[in-house]
Amino acid sequence: MIDKLVYDFFNKNFNLYFLSFLTHLRIPIKSIAIPHYYGKLTSILKDGNMKEIKHMFLILIILWCSVQTLAYLSSLIQSKLKPKLMGHIRIEIIKKIINSLKNNYFDLEIGRFLAKIINSPYTIRYGLESIAKFFTDSIFLVISTFIYLLYQNYYIALIYLICIGLVGCITMFYYVKCELLVIEAEKSYDDTHEIIEDTFSNLISIYSSNKINNEIKKLDKENKKTEEKEYQMEYLNSKF
């Protein structure tokens, strides 16, 4: 379901995503072009050739302005895309729930469903941002760096490519290790939300039956499970 929601949104906003992708050209400009010309400038300063110095300064100013302009355009595009994405996911989840219950109604686990409706847009947005940032930044940086190194020295470029391949393998290993843990953590969050919602919905019964301590123990037990899942995720992150 989630992949279809994202795919539909991407298709509807393809032009904005394409422009956002192009703004990542600032990555090779900032990481490669500016240091390259700055290095040339420091060499020219020693010679005292004013004409060349002015020329290099002009190039650096143009490159710096390009980076700032592309960064501003990226922020502008994202400021439009992010709210639209979260709104799209939120309303589509609600529509999906309503339509699915039309011919097969049952009592909802309100806490679980509310947690999904509230948290899902932010979780998906954060996940997509992380993936997009990793791949777009990496693609531009890796390709531009490889081309630059290939122009400088073939063997260094080859070693660089091998190192990038190793990093890719480690990344895939990390993904496989994390996937199951993230699913378990999400289930734990949902269970905790459901128990909290159930507790607050039945406070009068809890007070009248004098089961406050029992309810707190139940909440504390579920909370410790969630803490354990969070610890496992943080520990895995620290290893990589």
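Which element gives the most residues to the lining of the second largest pocket? In this predicted model, that element is H5, with seven residues.

The second largest pocket holds about 690 Å³ of space. Its lining is made up of 21 residues, and those closest to the pocket centre are Tyr 17, Ser 20, Gln 78, Leu 128 and Ala 132. By residue class, the lining divides into 10 nonpolar, five polar and six charged residues.

Ser 20, one of the residues closest to the centre of the pocket, has its place in helix H2. Its relative accessibility is 5%, and Ser 20 therefore counts as buried, the cut-off for that class being under 20%. When residues up to four places away in sequence are not counted, Ser 20 touches Ile 77 and Gln 78. Gln 78 is also among the residues closest to the pocket centre.

Tyr 17, another of the residues closest to the centre of the pocket, counts as partly exposed, with a relative accessibility of 23%.

Aromatic contacts were examined next. The structure holds four aromatic pairs. In one of them, the ring centres of Phe 10 and Tyr 17 lie 5.2 Å apart and the ring planes meet at 40 degrees, so this pair is tilted. Phe 10 counts as partly exposed because its relative accessibility is 32%.

The rings of Phe 14 and Phe 18 have centres 6.3 Å apart and planes at 20 degrees, and the pair is therefore stacked. Both residues belong to helix H2, where a spacing of four residues places Phe 14 and Phe 18 about one turn of the helix apart. Phe 14, at 41% relative accessibility, counts as partly exposed. Phe 18 likewise counts as partly exposed, at 43%.

Phe 9, Phe 10, Phe 14, Tyr 17 and Phe 18 form one aromatic cluster. The cluster thus includes the tilted pair of Phe 10 and Tyr 17 as well as the stacked pair of Phe 14 and Phe 18. Tyr 17 is a member of the aromatic cluster and also one of the residues closest to the centre of the second largest pocket.

Methods:
Residues are numbered from 1 along each chain as its sequence is written. This is a predicted model: local features need pLDDT of at least 70, side-chain atom pairs count only at pLDDT 80 or more; totals for chains, interfaces and linings use all residues. Side-chain values use heavy atoms; hydrogens and water are left out. On a 1 Å grid over the protein atoms alone, a cavity is a set of points where a 1.4 Å probe fits but cannot get out, and a pocket is an open set with protein on both sides within 12 Å along at least five of seven lines; lining residues have an atom within 4 Å of a point. Grid points are joined across faces, edges and corners, and a volume is the space filled by probe spheres set on the points. Helices (H or I, at least four residues) and strands (E, at least two) are DSSP runs, numbered from the N terminus. Ala, Val, Leu, Ile, Met, Phe, Trp, Tyr, Cys and Pro count as nonpolar, Asp, Glu, Lys and Arg as charged, and the others, Gly among them, as polar. Buried means under 20% relative accessible area, exposed over 50%, partly exposed in between (1.4 Å probe, protein chains only). Contact means heavy atoms within 4.5 Å. Rings of Phe, Tyr and Trp (its six-membered ring) pair if their centres lie within 6.5 Å; planes under 30 degrees apart count as stacked, over 60 as edge-to-face and the rest as tilted.
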